[in-house]
Amino acid sequence: MHLLRIALRSLNNRRFTALLTIFAIALSMALLLAVERVRTEARSSFASTISSTDLIVGARSGSVNLLLYSVFRIGNATNNIRWTSFEHFAQHPQVQWAVPLSLGDSHHGYRVLGTSEDYFNHYQYSRKKHLALAQGRFFTDQAPFEVVLGAEVANALDYKLGQELVLAHGVATVSLVKHDDKPFTVVGILQRTGTPVDHTLHIALAGMEALHIDWQHGAPAYGRQKISAEQALQMDLQPKEITAMLVGLKSRMATFAVQREINQWRGEPLLAILPGVALQELWSLMGTAEKALFVVSLFVVLTGLIGMLTAILTSLNERRREMAILRSVGARPWHIASLLILEAFTLAFVGILAGVAFLYLGIAIAQAPLQSHYGLHLAFSAPTVHEWQLLGAVLAVGVLIGAIPAWRAYRQSLADGLNIRL
Amino acid sequence: MVCQSPIIELHDLRFAWPKQDLLLDIAEFTVQPQQRVFLKGPSGSGKTTLLGLLGGVQLPQSGCIKLLGQDLSQLSASARDRFRVDHSGFIFQQFNLLPFLSVLDNVVLPCQFSKLRKQRASIRHGSIEAAAQALLQQLGLARQLHSKQAGELSIGQQQRVAAARALIGQPELVIADEPTSALDADSREAFLQLLFSECAAADASLLFVSHDQSLATLFDRSIDLSQLNRAMREQEV
C-alpha cells in the first residue's frame, strides 16, 4: 500500500507530464469507444433502414443492386416491371399489402420517388417506426402534382409548404431536360428518419405518369404534341410500368414460398429479395471499412500508451536518485519495479476512466445532432460486456507496457545500488 | 540490544568492477559497537564502492564482509536488502530526501520496508509517526515543518531530516557519506554534534566518510581509506 502512495506522490510531483499522458490515453480511449459505439449502432441502424417489409420485388438483376436502387436510391434499375405484374401480386392471397415504387427523375440531385399513398402507411424503418410529417400532409393519389419532401431535401433546398418546384428528367445532378411545364406543389415535409427517405421527394404515381405522358421514345414532345398539365389531368394517368414494389405478407411463414413463386413466375422475369438478407449482404461489403476504422482506433490507443511509455522512460533517468534513496531505505529492486508498474497502472487506469467520461460527455453533446442528421441513436447506456473487455484489455496492455520501464529501473537499481547519481 | 561482535568486520576483502582493475583490497577493518569512525576517502579511493559493499548491494570477489557477525555473502540479494534496512541507516551528501513526500513520510520510510525497525520505533515511542516526530524535534526541526514537502526545506534542514531517517528504529550502524559537504563550516559542526548525540542515544555506531580532514579530530577513530586500501597503495607506488 505504501508503494502505491509513493507512486501517486511521485506522479503528483510530475503532474504536468502525468496529466498530459492521461489526457492522451483518455482521448484515444474515448475515440476507441466512440468508434465502437457508432459502429455497432450504424450496423443496427443500417439493418433497420427498412423494416416490416417482407419482400422487395424488381426486375431480375442482383439482390444488392435491387436493394440499392429501391431503398437507398443509389444506381438505376436495369429494367422496369409491368403494372400488370404489380397488380397480379398485389392481389396474391398471401399478400397483405403492396406498394409500387417508380424512380427515374430527380430534383437538384435528390431522387424523386413515385408511389402511392400506401407508401406512408406501410414503409417502416428502425424499430417499426412509420414515416411522420413535420409539416403539411401526405399527397393523395388523386392529385398528381403534389410533392412530399424528405427532411434533408426541405432543409438543404430551403423549401416551404406551398412552394412550387420543377422536377428534372434523369438522375444526374445537372439535368438538361426539365419537366418545367408541369410544376409540383410542396404539400408536406417529413420528419427526419436518418434513412434515404430524407433525401427523397415523394410524388404520386399519377404525377410520375403525367410528367412523361407526352414523351415519345425517351424524349420530350415538341410543339403541338406537348400536353399541358391541365390536359394531362383529364387523361388516364395509370402507369404502365413501375420500377419496384414493396410487399408485406399476411404471414411471415409464407415469405420463402411467395419469394419462390415470384422468382419463378412466367409472366415476367422478376426478382424478389428479403430486405434483411440483402442488407446483410450489403453490410458485409461495407464491413471492411468499419473494421478498418476499428483497427485505426486501436492503433490510436496504442499510440496513447506509447506516449505513456515515453513519459515514464524519460523520467527514469531523472529519477535515479529517487530510486537510490529508496534502495538505501530498504527497497528491493522488485519494489522499484512495482513502483513503475503501479505508475503505469495508475496512468492507464485514470486515462481509461477519463476516456469513458469523455465518451459520455461526447454522447451527451452529439446525441441529438447524430440522431437527426444520421439517424444514429447513441444510447446513454452502461458499457457493454464487449466494451468492458476492451477497457480491461487496454488496461492490461498499459500495465504490460509499464513492464518495460519497470524492467529498466530494476536493472538500473541493481547496477546503481546506493550510488546517488546527480 | 547489546551485540558483542563488531558492527563491521572486513577480512581480506577484494573487489573489482567487471572488466576493471582491482579497486578495493582491504586486509582488515573493523568498527566496534557505538564507535564513531572517520573514514577519509578522497574521490577515486573506492569509497562509494566500499559503501555499496557495506550496504550489501555488491558482493566482494573474495574475502569476508560481516555486519553484526553476519557474513553478507551468505545471504541472498533480497535478504541483504532486508538486512541493510534492518541494521543500517544511510545519510548521503545531499538530496537525500524524496522531495514529493512530506518530511514525516520521508523519516518513516525505513519502517515501511523493515518490520524490525518499525517494531523498535513503535515500542519506544508508541508509533512510527511519534518516533519520527521525536527524532525530528531532537534534531531541531520544529513541528510545523513536519508536514511540509521535503523539497521545500533548506539544505541544512534536509540533512537533519536525513539523519532522523537514518536513525529511526535504532539501526546498529549509521553510514554517512559526506553529509556535511553541502553545509557551511558552522552548521557542519552543529550537525555533527547533533548526529553524535543522536547516535549515542540510539546506541548506534557511526561510519562517517569524508574528504574533509578537519573533522577527523571529533571522532573516536580516524582512518585513511587510501592507506587501508592496498589496491590504492600499489597504484601510488
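Tutor: A word on domains to begin with: their bounds come from an automatic or database domain assignment. This is a predicted model, in which local features need pLDDT of at least 70 and side-chain atom pairs count only at pLDDT 80 or more, while totals for chains, interfaces and linings use all residues. Residues are numbered from 1 along each chain as its sequence is written, and chains are lettered from A in the order in which they are written.

Student: How is chain A divided?
Tutor: Domain 1 of chain A covers 2–46 + 286–416, and domain 2 covers 55–273.

Student: What separates the centres of domain 1 and domain 2 of chain A?
Tutor: The centres, taken over C-alpha atoms, are 52 Å apart.

Student: And how many residues of these two domains are in contact?
Tutor: In chain A, 5 residues of domain 1 are in contact with 5 residues of domain 2; contact means that C-beta atoms, placed from the backbone, lie within 7 Å.

Student: Now chain B. How many of its residues are in contact with chain A?
Tutor: There are 25 residues of chain B in contact with 17 residues of chain A.

Student: Which helix of chain B gives the most to that side?
Tutor: With 5 residues, α2(B) gives the most to the side of chain B that touches chain A. Helices here are DSSP runs (H or I, at least four residues), numbered from the N terminus.

Student: Which residues is Val107(B) in contact with?
Tutor: Leaving aside neighbours within four places in sequence, the contacts of Val107(B) include Ala132(B), Leu135(B) and Arg165(B).

How values were computed:
Helix = DSSP H or I, 4+ residues; strand = E, 2+ residues; numbered from the N terminus.
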